Amino acid sequence: MEERSKYNVVSENNHSTVVSNYIPTELREEGYQSEGDLERKFIELLTEQSYDFIKIVSEDDLISNLRNQLEKLNNYTFSDKEWDYFFKNNIASSNDGIVQKTRKIQEDYIQVLTRDNGETKNIYLIDKDNIHNNKLQVTNQYENEGVRLNRYDVTVLVNGLPMVHIELKRRGVDIKEAFNQIRRYANDSFSSNSGLFEYVQIFVISNGTYTKYYSNTTRDLHLKNTTKKTSNTFEFTSFWADSKNRPIIDLMDFGKTFFAKHTILNVITKYCVFTSENMLLVMRPYQIVATEKIVNRIEIAHNYKKQGSIDAGGYIWHTTGSGKTLTSFKTALIAKQLEYVDKVLFVVDRKDLDYQTMKEYDKFQKGSANSNTSTNILKKQLEDPNSKIIITTIQKLDNFIKKNADNEVYNKDTVIIFDECHRSQFGGMHKAITKKFKKYYIFGFTGTPIFAKNTNSSVNLKTTEQLFGDKLHTYTIVDAINDKNVLPFRVEFVNTIKEKEDIEDKRINAIDKEKVLMNPQRINNITNYVIEHFAQKTKNNESYTHNTLNNVKDIAKNNRIDEIRSKKQILGFNSLFACSSIEMAKMYYSAFACRKEHNLKIALIYSFGVNEDLDGASDILIEENSEDTNSLDKSSRDFLESSIKDYNNMFGTSYDTSSDKFQNYYKDVSLRMKNREIDILIVANMFLTGFDATTLNTLWVDKNLKYHGLLQAFSRTNRILNSIKTFGNIVCFRNLENELNDALTLFGDKEARGIVLLKSYEEYYNGYEDDKDKFEGYKSLVERLKELYPIGIQIIGEKAKKEFIKLYGAILKVRNILATFDTFQEDTLLVPRELQDYHSMYIDMYNEFRNTEKVDKENIEDDIVFEMELIKQIEVNIDYILELIKKYHDSNMEDKEILINIDKAISSSVELRNKKDLINGFIASLNADSNIHEDFEKYMNEKKKEELNRIIEEEGLNRKETYDFVERAFMDGNVQVVGTAITKVLPPISRFTPDNDRNKKKNIVINKIIEFFNRFFSISSTKF
């Protein structure tokens, strides 16, 4: 107690990880604050919260402190021999990279020490059972030298291991630059020496005003994809918040909450998930709150004997796309650890979601959940005491109850979690389940709850609260968009008929209107519109790297086999086309099939379902993904059979409408949508809820939707992928504006429209001003660019260059949004040649600042953020250059204007600029008999071998191992910089050589191979 009295303890609540109601600090300093001042204030705050400050000036200090802390944690003193072996083999093995070290913290945190006497002893790296046994220390300005000397801002050590790193920028500097700074550290020094900084689990970035956090694998994957667009970028950083979803953004406020000892230790030990794909997911505050609310409700219900009643349950309202599966997974894992809980059932309502959710659970932790394919298997699992987490469908659970009037599981303490609880479980099956299980704790997750206003009396729906109990936590679409966890929508209404579309929804009027809406001419007009605007809406001319599934057919038939994935370049995004009925879906599929001028890959899927437009149930979407093709009329089933044959021809599959094969067809379609192999999927009811594909960005709507049906359908488009995908595109061929406003009011609030929906074209083009923002429009930005920085005039001075970078970056951002508007098909303000010239200037400065930074120890980029992903999305590719070269060749190599165009095109491309000498060399080698495409590949393959041989000779590398290593990189699409493969490439180095020299050599070789890979990957074959 005497020691604790000297600390200003902010919070010591072990039960709640997220503070319930945080009031930001009102007292603010008015004077200028330097980065050094910010750092000192932050460290002072941590020491007030029981962190011990330690000054570490060398790696020897770091290792010595680590030994000391592990000895204290484990109440054991290492001999020098024991420590030397344990450190080199269990902690700092040269074969371990970020993935292996992350696994040691998250899963294998108990390591085995072989003592000098031959006995073994468990050594804890971190204590997850009693978190306050762990020691928290803070250090700053630690210097680590790899390729270059880096000095890290603030690091939190847990038991001596660096586990949280904080990178700071002064106020006024873009927070994204702190993210970029960590990327540079990763390039330069994180893996150097003993590689202890690869144990960092969480990164925190802040400019004082804004503070965010993210996992180490977000940083690691961003690093591995620096030359390609990727889904693991700055967009996946998160804000911290209180339980009411109010972001805690100021660094000092963040420090008082996120860095409270019990919070940061809970986050590291309990609220991280290391997936079977080697991804570390750090839960967001609303996910942690929901998990703890459910666990708390279970404990209270158990203590007060409330099992089997509505008091033993509740529901979580977390908007679509906010990560409910991760939340439910962590909830299930924690619930199963409660000694009195016998079973945890995760219940979905269709086979496809059973499959999808099973894959998600399996992704988080292989074997953590047991799926089931029949009621008999479900029975065995329910009766098996070792099977604690079970995923099943509500239909199977209902069948089990019908076949088993008495079973001992009914008297077990059973936690039942319903996924998307607004669907079919509102019927008799839900009642049957709650009647049979005597000691249940029942919880529902939903993105769109059923309230009194959006119930449907025709199907006797109860509200979510009536069925599940209290609302335990809320995270609306407004919260998610404000936090940038999902994207806003851009809704466009395309008028297709002259008649008014706001006819009252009476049956006779609906039938009359349907005849007009299904007029073949209208269907053809809309089909033409979609074909004409598809590339524009889906950015189908742009490419990025995506982690795709290679064995789709095998997985669709048997989801228990291992997935085979690889990184591939894909073009743009894909889309769903939602139709009002099966008949309309058939008409659209035929209309697309009749058009020979497009090469779009179109798929069709439907099954028996209600025709919502005729009975007014469109807002409910009951059984929207029913797999019952047997109930289809003959015409609809025959048509579906024919379309599946088209699909089989397209992808080499063999599906049909029979029961099992149709289910496999459904899975195959789902997987190919996620792979971006299908351009447009035409649906009536299916895929409009519960389906997530990050590559999907556009929904074409010819269907009446209301309330949660509307919001669920729209939300298929708004999953975050990369900086190019800035919103979900909704193109409505019906006037759903009133329905949209009603849905946003019900599930957001009356002000939701201004947050959930993007501004208009005119506002982005001309600018706008509201209570929160003053936005300079595209027109004004371009006019200012041309006035201040005319093409052909050199920009002199660092200040002027930084202003140009900021201005052109702002133009790139707004242009990225405007590009999907129909009215922006041709930019008259910046013609293509001007765009190329400004691109060249921008890339010149990017390389200039980056190269200067390599020379200087201090970062000179402290207030510059380059929008390189947005540059890459509109750059030229090698195919375009080859077409220009062919034109030049066809002119008998006399049209020098083409050479000027080639030079400008290459200079304006991030991807091609480092290949300029190679391309020019190829052009110089042309003769009258040259075959451009064949000779180009041959020329580049020869140059590739020449340059690789030069690197091998310069660095004394092992020839065979180097060729094997590089060929594998070309096959995988990236250079693997960790593991034993790279060490085999290196020449033999004496064991008496200092480790630092070996690491320097390794980093030099890695950088040369990466540079070589970036030069040749996109312009040569994968074979040598």
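The legends below describe close-up views of a predicted model.

View 1. With a relative accessible area of 0%, isoleucine 906 is buried. Apart from neighbours within four places in sequence, isoleucine 906 is in contact with Ile881, Leu912, Arg913, Lys916 and Ile919. Isoleucine 881 lies 25 residues from isoleucine 906 along the chain, and the C-alpha atoms of the two are separated by 7.9 Å.

**View 2. Edge-to-face pair of phenylalanine 687 and phenylalanine 691**. The structure holds 56 aromatic pairs. In the one formed by phenylalanine 687 and phenylalanine 691, the distance is 4.7 Å centre to centre, with 75° between the planes. Phenylalanine 687 has 0% relative accessibility and is buried; phenylalanine 691, at 1%, is buried.

**View 3. Stacked pair of phenylalanine 1013 and phenylalanine 1017**. The rings are 4.7 Å apart, centre to centre, and the angle between the planes is 25°. The pair counts as stacked because planes under 30 degrees apart are classed that way. Phenylalanine 1013 is buried at 4% relative accessibility, whereas phenylalanine 1017 is partly exposed at 21%.

**View 4. An aromatic cluster**. Phe42, Tyr213, Trp240, Phe254, Phe258 and Phe259 form one cluster.

**View 5. Lysines over aromatic rings**. Lysine 759 places its charged end over the ring of tyrosine 768, 5.0 Å from the ring centre. Lysine 944 lies over the face of phenylalanine 970, and the distance to the ring centre is 4.7 Å.

Methods: Residues are numbered from 1 along each chain as its sequence is written. This is a predicted model: local features need pLDDT of at least 70, side-chain atom pairs count only at pLDDT 80 or more; totals for chains, interfaces and linings use all residues. Side-chain values use heavy atoms; hydrogens and water are left out. Buried means under 20% relative accessible area, exposed over 50%, partly exposed in between (1.4 Å probe, protein chains only). Contact means heavy atoms within 4.5 Å. Rings of Phe, Tyr and Trp (its six-membered ring) pair if their centres lie within 6.5 Å; planes under 30 degrees apart count as stacked, over 60 as edge-to-face and the rest as tilted. A charge sits over a ring if NZ of Lys or CZ of Arg is within 6 Å of the ring centre and within 35 degrees of the ring normal.
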